[in-house]
Amino acid sequence: MKNLRELYDLTGKVAIVTGGRGLYGASISTGLCEMGATVVIASRNVEKCEELAGELRAQGYSACGMALDLSDDASIKALVKNVIDKYGKIDVLVNNAVDRRNIVGMSVATREKLAASAETNLNGQLLLSQAVLEYMVPAKSGSIINISSMRGLDCPHFPFYPEGFGEQPVNYTTEKWAMIGMTKYMAGRYGKDGIRVNAVAPGGFTTMGKNPTPAQAQFLKNYEEHCPLGRFANDDDIKGPVAFLASDAAAYITGATLVMDGGWTIW
């Protein structure tokens with residue numbers, strides 16, 4: 001029987017975090033570093049990724065920034081090759097990136113915008129997983145963690161969005177539901193290869209700042225009143241779930257969705 005601290009320890013593990021400098025990505029990257037992993041922070045903006053990596057290295061952690069465009073097959077292959085060349089293995093993949101440029105409401109959705117969004121937010125995640133699995137399968141080990149959303153479990157509660165707030169996007173909800181399906185498929189397909197695939201479904205993380213519009217202020221009030229824990233998620237809330245699923249403490253967990261939404265979806 002292993003000591004529980006040893007089960008949670010990620011020392012010696014190599015992890016890729018896509019969108020690793022973004023909203024939840026920075027917390028995920030930091031948390032994995034804090035547990036001992038070497039973290040590759042990847043996104044289209046390699047300068048910002050390397051900036052965070054530098055901050056983490058200054059604290060004594062192991063991290064680097066690398067370029068990744070999930071809509072480009074060559075970029076996906078280059079990232080995986082660069083990680084293998086530099087570190088020799090990939091133990092953990094966190095599919096966290098979200099391209100919001102083509103997130104649209106139902107009334108203004110077009111085939112072009114829907115396809116462009118899915119290229120990154122769904123197809124790109126799947127194809128990056130495919131590329132990483134080429135190395136995880138022979139190693140008979142690995143953990144893939146897909147960052148879905150509470151929107152992958154429900155739909156926007158439209159009465160909470162006051163007039164003037166803006167239409168809620170149809171493809172964000174659709175893609176986040178699809179990530180749950182992708183998680184289950186890969187968990188079933190690669191479990192016998194020693195690879196675990198799980199999802200995290202985070203709740204809201206507000207970026208509306210200190211001076212929200214009246215419509216935004218009303219939504220914030222509605223959200224906090226409805227949420228059983230009475231608040232939005234913060235920078236620390238996603239660290240534990242991802243680190244847990246990446247670690248041997250979750251060695252017998254696969255195909256699961258860990259819900260981190262303050263209780264939002266219990267209603």
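Start by selecting Leu23, Val98, Arg100, Tyr172 and Phe205: of the 48 residues that line the largest pocket, these lie nearest its centre. (A pocket here is an open set of points on a 1 Å grid over the protein atoms alone, where a 1.4 Å probe fits, with protein on both sides within 12 Å along at least five of seven lines; lining residues have an atom within 4 Å of a point.) Next, colour β2 (38–43), α6 (170–190) and α7 (214–226), the elements that each give two or more residues to this lining. Helices (H or I, at least four residues) and strands (E, at least two) are DSSP runs, numbered from the N terminus.

You are looking at a predicted model, where local features need pLDDT of at least 70, side-chain atom pairs count only at pLDDT 80 or more, and totals for chains, interfaces and linings use all residues. Residues are numbered from 1 along each chain as its sequence is written, and side-chain values use heavy atoms, without hydrogens and water.

How much space lies in the largest pocket? About 1,300 Å³, counted as the space filled by probe spheres set on the points, which are joined across faces, edges and corners.

Now move to the second largest pocket, with about 220 Å³ of space. Select Gly142, Gly194, Ile195, Arg196 and Ala251, the closest to its centre among 16 lining residues. Both β5 (142–147) and β6 (195–202) supply at least two residues of that lining.

Last stop: Lys140, in the loop between α5 (111–139) and β5. Its phi is near 55°, a positive value in a residue other than glycine. Most residues other than glycine have a negative phi.
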